[in-house]
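Here is a friendly walk through one model for someone who likes to know how each value was defined. Please keep the viewer open while you read.

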Amino acid sequence: MTHEEILRKVDHTVLAQTSTWEEIRQLCDDAMQYHTASICIPPCFVRKACSYLKGRVRIATVVGFPNGNTTTDTKVFETEEAILNGADEIDMVINIGALKEKDYDYVENEIRELKEAVGGRILKVIIETCFLTEEEKIKMCQLVTAAGADYIKTSTGFATGGATFEDVKLLAEHVGEGVGVKASGGISSFEDAEKMIELGAGRLGTSRLVKLEKAK
């Protein structure tokens with residue numbers, strides 16, 4: 001797989017608390033140059049990025065980020081606002097505590113409400129695999145599928161661990177038809193990215209691959 005093919009699966013990402021518009025603008029420029037799948041940016045920059053990109057790159061943003069324990073109504077509002085500002089894709093964080101309590105109806109219904117809010121746009125569901133047991137990861141594959149989301153995503157990049165080969169393989173084996181896997185957090189080389197894709201990842205959340213390509 002060529003670097004260009006891998007980059008077309010990348011959500012080129014900057015979500016740091018210290019992010020500035022200059023950093024986001026550079027992210028946009030890089031995404032256009034290297035033809036990434038999208039950019040993934042903080043919600044406060046979506047409107048400005050939309051105006052700057054003029055449809056040349058898809059814009060993803062985050063909801064309930066990074067902890068996931070805001071209310072469903074808050075996540076719905078964040079989603080609707082992001083879409084009004086020009087977002088094409090939403091990456092939401094589940095309520096991990098609700099999953100731990102086995103309140104599966106809550107988790108599924110929340111995902112379903114956000115899928116309704118995004119309409120025909122893409123919804124990715126961040127489950128924060130580093131906090132979950134294997135049983136919980138498999139359960140989340142079932143809930144994400146049942147709720148009609150488009151991707152299950154490993155990580156925010158703000159917790160104790162990111163994507164692993166084992167988790168990508170597990171998720172790819174248990175999601176239903178039509179649900180993709182996004183590997184995110186800690187992807188630091190094209191070799192690792194290619195292996196993630198081979199194991200079933202359809203999207204990759206990272207900023208490092210573009211940096212590596214620019215440094216060639």
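This is a predicted model: local features need pLDDT of at least 70, side-chain atom pairs count only at pLDDT 80 or more; totals for chains, interfaces and linings use all residues.

Residues are numbered from 1 along each chain as its sequence is written, and side-chain values use heavy atoms, with hydrogens and water left out.

**The barrel**

Let's start with the strands. Eight of them close into a barrel, in the order β1-β2-β3-β4-β5-β6-β7-β8, with parallel pairing. From one strand to the next, the twist averages 25°. Helices (H or I, at least four residues) and strands (E, at least two) are DSSP runs, numbered from the N terminus. Two strands pair if DSSP finds at least two bridges between them.

Strand β1 covers residues 10-13 and pairs with β8 in the parallel sense over three bridges. On its other pairing, β1 meets β2, again parallel and over three bridges. The table lists one bridge from each pairing.

Buried here means under 20% relative accessible area, exposed means over 50%, and partly exposed lies in between (1.4 Å probe, protein chains only).

**Helix α3**

The buried residues of α3 are V46, A49 and L53. Seen down the axis of α3, these residues fall within an arc of 65°, so they line one face of the helix. The arc is that of the directions from the helix axis to the C-beta atoms. The buried residues of α3 pack against α2 (21-34), β2, β3 and α4 (72-84), where contact means heavy atoms within 4.5 Å. Just after α3, K54 takes a positive phi of about 50°.

Which residues of helix α9 are buried? In this helix (residues 190-199) they are F190, A193, M196 and I197. They cover an arc of only 120° around the axis, which puts them on the same side of α9. E191 and E198 are exposed on the other side. Packing partners of the buried residues are α1 (3-7), α8 (165-174), β7 (180-184), β8 (201-206) and α10 (208-214). Just after α9, G200 takes a positive phi of about 130°.

The axes of α8 and α9 come within 8 Å and cross at roughly 20°. That makes α8 roughly parallel to α9. Angles under 35 degrees count as roughly parallel, over 145 as roughly antiparallel, 65 to 115 as roughly perpendicular and the rest as oblique. Axes are lines fitted to C-alpha atoms, for helices over the stretch in contact, and angles run from 0 to 180 degrees between N-to-C directions.

**L209**

L209 is found in helix α10. Its relative accessibility is 0%, so L209 counts as buried. L209 touches I6, L7, V10, S189, F190, A193 and L204, not counting residues up to four places away in sequence. One of these partners, I6, lies 203 residues away in sequence and 8.9 Å away in space, C-alpha to C-alpha.
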